[in-house]
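Subject: Structure handover and notes

Dear colleague,

I am handing over the structure we spoke about, and my notes on it follow directly below. Please read them alongside the coordinates.

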Amino acid sequence: IYTSGSTGKPKGVKISHNNLNNFVSAFTKYFNGVNSKDKCLASTNISFDVSIFEIFITLLNGAQLYLYEENSITDIFKYCDEIIKNGITLLYIPPNILENVYTILSNEKQIGINKLLIGVEPIRSSIIKKYYELNSNMRIINAYGPTETTICATANILEPSTIDKYTIIPIGKPIANSKILILDENLQLVPVGLKGEIYVSGNGVGQGYLNNAEKNEQSFIKISKYLDENKAYRT
């Protein structure tokens, strides 16, 4: 997968079918299943890895995929109109437009969205609480992960009854067949409450960068003390 990411420069990350299969299987379960009745709006630019979520969790589960015709979401009203008229049930909404999208959708009598992925930036619980007003049965997942670990490395399956515990929604726990280690500069586990760096291991970790051995050595590291399987990605 090539992605512009936050730097604006393609990284050339090698992601396998096995990596993607693990991701799709995990999030299909987190959403309590995705099937032919679901309709996903793919609105993410193809250079951003969330587009892979939109395309493959939909098609590999036999759901319906609607391609947003614009390269980016510049007209919020047009975007919301696509959600409403197509009866979209599954989508990712970028954090910077969550509030505006809610305001527009709240004017509708019935909203079909029941599976919502959020993430990328810190998100306040106050705005997510409003989405439960649109559909109290909405399954909302806050996820975190770099492209190198196949879109998402952690997931937090939110619940209306507990969302008030947080001001900023936590990123959750490692997804299926993954581990998260918090290590210091000496690759030692840090005690609870102290700062460290996130290392991700497991079935989501990609095969490195294409034609970039030096960067692979810096970023994809074998930590034999804690891992028996694949290398960990140093985030």
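In these notes, a residue is called buried if its relative accessible area is under 20%, exposed if it is over 50%, and partly exposed in between (1.4 Å probe, protein chains only). Helices (H or I, at least four residues) and strands (E, at least two) are DSSP runs, numbered from the N terminus. This is a predicted model, in which local features need pLDDT of at least 70 and side-chain atom pairs count only at pLDDT 80 or more, while totals for chains, interfaces and linings use all residues. Residues are numbered from 1 along each chain as its sequence is written, and side-chain values use heavy atoms, with hydrogens and water left out.

I begin with helix α5. This helix spans residues 125–134, and its buried residues are S125, I127, I128, Y131, Y132 and L134. Seen down the axis of α5, these residues fall within an arc of 160° (taken over the directions from the helix axis to the C-beta atoms), so they line one face of the helix. Their cover, counted by contact (heavy atoms within 4.5 Å), includes α4 (98–105), β4 (115–119) and β5 (139–144).

Next come the aromatic residues. Rings of Phe, Tyr and Trp (its six-membered ring) pair if their centres lie within 6.5 Å, and planes under 30 degrees apart count as stacked, over 60 as edge-to-face and the rest as tilted. A search of the whole structure by this criterion gives 8 aromatic pairs. In one of them, the ring centres of F23 and F53 are 6.2 Å apart and the planes stand at 85°, so the pair is edge-to-face. Because F23 belongs to helix α1 (residues 17–30) and F53 to helix α2 (residues 50–59), the pair ties together parts that are 30 residues apart in sequence. F23 is buried at 1% relative accessibility, and F53 is buried at 0%.

The antiparallel pairing of β8 with strand β9 (residues 197–202) runs over 6 bridges, and I180 stands opposite V200 in β9.

Best regards

Key: Two strands pair if DSSP finds at least two bridges between them.
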